[in-house]
Amino acid sequence: MRDVASQRILKVDLTSNRTSVEDVPSTELAEFLGGRGVAAKLLYELVSPGIDPLGPENALIFSPGTLSGTSAPSSGRTSVTCKGPATGLYLKVSGGGHLGPELKYAGYDYLVIQGAASRPVYLWIDDDEVSIRDASHLWGKTIRETDRLVKAEVGDQDIETAVIGQAGEGQVLFANIMLSVYNSASRGGVGAVMGSKRLKAIAVRGRGGLAVAHPETYYQLTVQLRKALAEDPSSQGLYRFGTVGGVLREQEEGALTSCNFSRMGLDGVERIDGQYLVDAGYLTGRESCFGCSTACHRFVRSFSPTYGDVEAVGPELETAMALGANCTIADTEVLIKANELCNDYGMDTISTGHVISWAMECYERGVLNQERCDGLDLRFGNGAAQLELIRRIALREGLLGDLLAYGTKHAAEEVGGDSWKWAMQVKGLEQAVTDTRVAKGYALSFAINPRGPDHLMTELIAELGYSERARGVVEKITGSKEYADPSMIEKRAELVRWHEDCYAATDALGFCAFTSTSAYAITPANMAELMGHAVGFELSEEQLMLAGRRIVTLERCFNVREGARRKDDTLPWRAMQEPVPSGPKKGMLTDQTSLDTMLDEYYSLHGWNRETAIPKRETLVALGLADLCSDMPLD
Amino acid sequence: MSGLVVDPSKCTACRACELACSFTHEGAFAPWLSRIRVVRIVDRGVNVPIVCVHCAWPSCVDACPTGAAHIDRELAEVRIDEDECTGCGECVNACPFGAIELNAEKGIAFVCDLCGEDPACVTNCIHGALTFGRAETVAQRKRRATAESYALGSQGA
């Protein structure tokens, strides 16, 4: 049995075909908490500024959390960190499934992939035996085909895999990596980085175990927290209807965008809501990630005479909003099929939805004609065209498929005219579907997100005040529950910074963000206590959150070193220029002035230079980052 | 006499049972040493917990050359006498369910002991895939679980 405090790094260099194992100094565990935190430090040290994200100099780091593989509820998530090809900046994504804990049982807390193979390979980690195997016969296969073939080849159906599909092979800039077949580690093109290294798959078998410092206390705490989570109404909602159960709520609150963010609401949208999947009999099962009793993942079956039979997972809320509502397609079977295609080819459903809805708007406005669309009739609402386009993007087929594979930023530059105005992207990443015009805290958190505009570095549900617990969190941070109001710009900086710190700690320990920044049922105090009993040194809530801030600041430093400044912390043109056109939220907008006010407060709060957004020297010294970040430009 | 009842249609494969079991018996988190294992047929969305059903005429007990695998007459449950076990693996070969395993490090067999009538796996099973109860209801719930396994894939709302 391995102590969770004794962390090990497995390094694999695909250029030289060498593997090695290193220990992580115990001081780093206290400073960076492990997982995402230590991965941030590794990336900062291993990747020099200015390198090509799709070149062999990039590193791809898999890091389950420090508590992953133990009984801590919902703690089995894995961060994947690299320099992102869509943005040229810091990229951390997170995936569920069972891969991370399996890696821990095999004896490794971090898997660092460097270099690039000269031909397709896959990595087989069988406890202590690590081998790099030929994958020529797997190149060109889908995620599910590859998983099946690898399992057959190593002769073990119970291994865990991380696989890229054709999109990753072809370096589509929003290709993802699928963990345990059906759990997406998505956004920013992590799959393209894996593809650039010609690494088709990682297969892991771990037969070891993990021991914690104070076993009985630790275990009893985890049993209590599992029960507390099970009693939480938001967790229960996620179990019943999944994340996709939030579609109708968005519509009812007037926050559901359609037609590529140009309109509000969509008739018939209930058909892509989670409750409909249950009521109409599409849902056949609820799936958990390792150690999580919430089971928000869906398993669905659809027998469609038009689109073929599907047996697969999903869809998630963001998928339904991006591929469904924003492409103006409220058709259950199209959505299930579209989601299956993205998962099989290995593409992020948010960005895939956005590039298609952007192309649809270009088509409707006459900026792209049918010839430029390779004959596709790309009107909003054309489900069959969407499904065909997903295939073409993944395989980079035709003029349009190849163009869209680079994402909306690049595509808009190519297409020209005003098309950049309706490209819902910042830094080169397509925005998540939360409408930042109606939620100011989300607006700030999207703007400052080092990887681009989305909710997966700072999930700010508390500002919406959905639950008593959420309002309690707002009170704890700001002093009053009255600030649980998304239309206010006051106190957004405080709320965002707290959620950043909390989210970083959440990732570092391996927890799902739904536990700590959605249900708020696992608090920073809980996390600190669990971490302390796991690793055997005292850790206060304040120390945990400070370590979270250390991680967030280091990630910012990575971007500063790459040249990112305050001007990059912004929102899509449409989100700042076009007020909500209709419905209960009509007229709302987060304009540049509001954003600037919030940014000023946010940088000041962090101790970063307000003009440049570069962390001040004294801030780095206070966080113990001055030596590590000595190569960064001064503020 | 009480029993553990498994209803695969309610299992989401969170594997909290494996963690609770290995912790309770081995003091560490190690699914390979768990007496209960969740088998996932990933691409069909089917999850089936496999654990000793404490057969009335257990093949493992018949196969055991030393008498280490035996039936506790009072509890009507399969037990391994660790002092008598030689780790020969005959019980593993004999069990039709894969519910008895060898601990490679210790060189002895291990099997579910129902945690002294308070199974840790059941305590941590949130969605009711694992239940534990008095004998008069066990057969009834097993019939239900067997019937449910035919309806796998229709969990309903």
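Predicted model: local features only at pLDDT ≥ 70, side-chain atom pairs only at ≥ 80, totals over all residues.
Two residues count as in contact here if their C-beta atoms, placed from the backbone, lie within 7 Å.

Figure 1. Chain A holds 25 helices and 21 strands. Its radius of gyration is 23 Å, close to the 26 Å that the globule rule gives for 635 residues, so chain A is as compact as a globular protein of that length. The C-alpha trace of chain A spans about 60 × 60 × 50 Å along its principal axes.

**Figure 2. Burial and contacts within chain A.** Of the 635 residues in chain A, 63% are buried.

**Figure 3. Helix α19 of chain A, residues 492-509.** This helix has 18 residues and reaches 26 Å from its first C-alpha to its last, which is close to the 26 Å expected at 1.5 Å a residue. Helix α19(A) is mostly covered, with 17 of its 18 residues buried, and it is followed by G510(A), whose phi is positive, near 100°.

**Figure 4. The contact between chain A and chain B.** Chain A contributes 32 residues to this contact and chain B contributes 27 residues. On the side of chain B that touches chain A, helix α1 (residues 16-26) of chain B gives the most, with five residues. The residues on that side of chain B divide into 14 nonpolar, 10 polar and three charged.

Terms used. Residues numbered from 1 in each chain as written. Chains lettered and ligands numbered in written order. Helix = DSSP H or I, 4+ residues; strand = E, 2+ residues; numbered from the N terminus. Rg over C-alpha atoms; globule rule 2.2 N^0.38 Å. Buried ≥ 20, exposed ≤ 12 C-beta atoms within 10 Å, placed from the backbone. Expected span 1.5 Å × (residues − 1). Nonpolar A, V, L, I, M, F, W, Y, C, P; charged D, E, K, R; others polar.
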